[in-house]
Amino acid sequence: MTSLLMNRVGARGSEKNLIMNDNISSIRENIIAVNENIENACKAVGRNREDITLIAVSKTKPVEMLLEAYEAGVRDFGENYIQELVDKIPQLPSDVRWHMIGHLQRNKVKYIIDKVSMIHSVDSLRLAEEISSQAIKKNVEVDILVEVNVAQEESKFGTFSADAVLLVEEISKLPGIHVRGLMTIAPFVEDAEENREYFRKLKQLSVDIAAKNIDNISMNVLSMGMTGDYVVAVEEGASCVRVGTGIFGERNYNKD
């Protein structure tokens with residue numbers, strides 16, 4: 001076990017260490033496999049691997065597993081829950097880049113505004129206004145993505161594609177906040193090819209928005225693709241893929 005992980009875990013008892021030993025090699029191997037898949041997808045469509053950020057989705061996972069992913073080279077972690085994110089930040093090295101990828105309530109913005117590298121899930125002007133307000137209070141500049149519900153699933157958050165341009169234009173006027181691109185959560189499907197059309201639509205939407213040359217807006221980031229479909233997402237232009245199960249295994253929602 002690496003020194004960093006040992007330093008963090010050592011005093012917590014041998015039983016937990018034994019449990020973690022079962023996961024260490026698999027996490028490292030999973031990360032290697034995911035990176036190879038991304039590399040191959042890039043080669044298939046003539047993209048550079050360096051243009052893709054792998055975000056390890058670590059919600060519900062213990063810090064020890066995040067540290068092992070860190071030791072394997074991961075520097076970007078995505079969390080869905082505010083309290084979990086706030087608890088984990090001081091337990092990992094300071095060069096970790098934290099991404100808020102879950103639905104964000106306005107009254108929780110103040111807790112993370114100066115702690116995350118990017119907020120991926122901005123789906124309304126009211127939320128953007130609160131982010132702007134808190135950014136001014138903390139004297140920080142916040143990078144965000146506008147979440148688009150491309151597939152128009154009722155169970156998903158996000159603005160519809162038809163409303164995205166207007167939302168981006170309105171957010172562009174707010175101080176302390178910068179739209180860097182778009183994010184989507186594609187439908188859960190057995191065959192990743194079924195989501196290719198949604199990734200293409202998000203890419204085209206980003207191109208259309210970029211063509212408008214709106215002040216304070218860039219479309220350099222496309223956050224799309226998860227464990228089941230990130231290869232297709234990379235082929236269609238993703239710059240961030242969010243992989244959880246493919247790195248850490250199945251999530252544990254029944255935490256003690």
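Is Lys 173 buried or exposed? I looked it up: Lys 173 is exposed, at 60% relative accessibility. My cut-offs are under 20% relative accessible area for buried, over 50% for exposed and partly exposed in between, with a 1.4 Å probe and protein chains only.

**Ground rules**

I am working on a predicted model, where local features need pLDDT of at least 70, side-chain atom pairs count only at pLDDT 80 or more, and totals for chains, interfaces and linings use all residues. I number residues from 1 along each chain as its sequence is written, and side-chain values use heavy atoms, with hydrogens and water left out.

**The chain as a whole**

I find 10 helices and eight strands in the chain. These are DSSP runs numbered from the N terminus: helices are H or I with at least four residues, strands are E with at least two. The chain has 256 residues, and 49% of them count as buried. I then looked at contacts (heavy atoms within 4.5 Å). Among those with a separation of 6 or more, 61% are between residues 24 or more positions apart.

**Salt bridges**

My cut-off here is a side-chain nitrogen of Lys or Arg within 4 Å of a carboxyl oxygen of Asp or Glu. The whole structure gives 15 salt bridges.

Back to Lys 173: its salt-bridge partner is Glu 170, with the closest N and O atoms 3.3 Å apart. Glu 170 is partly exposed at 28%.

Next I checked Arg 180, which forms a salt bridge with Asp 143 at 2.9 Å between the closest N and O atoms. This pair links distant parts of the chain, as Arg 180 is in strand β6 (residues 177-183) and Asp 143 is in strand β5, 37 residues apart. Both ends are partly exposed: Arg 180 has a relative accessible area of 30%, and Asp 143 has 22%.

Then came Glu 235 and Arg 196, whose side chains meet at 2.7 Å, N to O. Glu 235 belongs to helix α9 (residues 230-235) and Arg 196 to helix α8, so I note a link across 39 residues. Glu 235 is partly exposed at 25%, whereas Arg 196 is buried at 14%. Shared partners join Glu 193, Arg 196, Arg 200, Glu 235 and Glu 236 into one salt-bridge network.

**Rings**

How many aromatic pairs does a search of the whole structure find? I got one. The rings are those of Phe 77 and Trp 98, with centres 5.9 Å apart and planes at 35°, so I log the pair as tilted. The rule takes rings of Phe, Tyr and Trp (its six-membered ring) with centres within 6.5 Å; planes under 30 degrees apart are stacked, over 60 edge-to-face and the rest tilted. Phe 77 lies in strand β2 (residues 76-79) and Trp 98 in strand β3 (residues 97-100), so the pair ties together parts 21 residues apart in sequence. Phe 77 is buried at 0%, and Trp 98 is buried at 3%.

I also found Arg 75 over the face of Tyr 70, 3.6 Å from the ring centre. For this I need NZ of Lys or CZ of Arg within 6 Å of the ring centre and within 35 degrees of the ring normal.

**Nonpolar cores**

A core is a set of buried Ala, Val, Leu, Ile, Met, Phe, Trp, Tyr and Cys residues joined through side-chain atoms within 4.5 Å. The largest one has 70 residues, and Phe 77, Ile 119, Ile 131 and Ile 171 have the most contacts inside it. Leaving aside residues up to four places away in sequence, I list among the residues touching Ile 119 Met 100, Leu 104, Ile 131 and Val 142. A second, separate core has six residues, including Ile 55, Met 118, Met 183 and Cys 240.

Ile 136 sits in helix α6 (residues 125-138) and is exposed at 51%. Its C-alpha is 7.5 Å from that of Pro 175, 39 residues away in sequence.

Which residues other than glycine did I note with a positive phi? Gln 152 is near 55°, in the loop between β5 (142-147) and α7 (161-171). Asn 216 is near 70°, in the loop between α8 (196-210) and β7 (217-223). Asn 216 is partly exposed at 29%.
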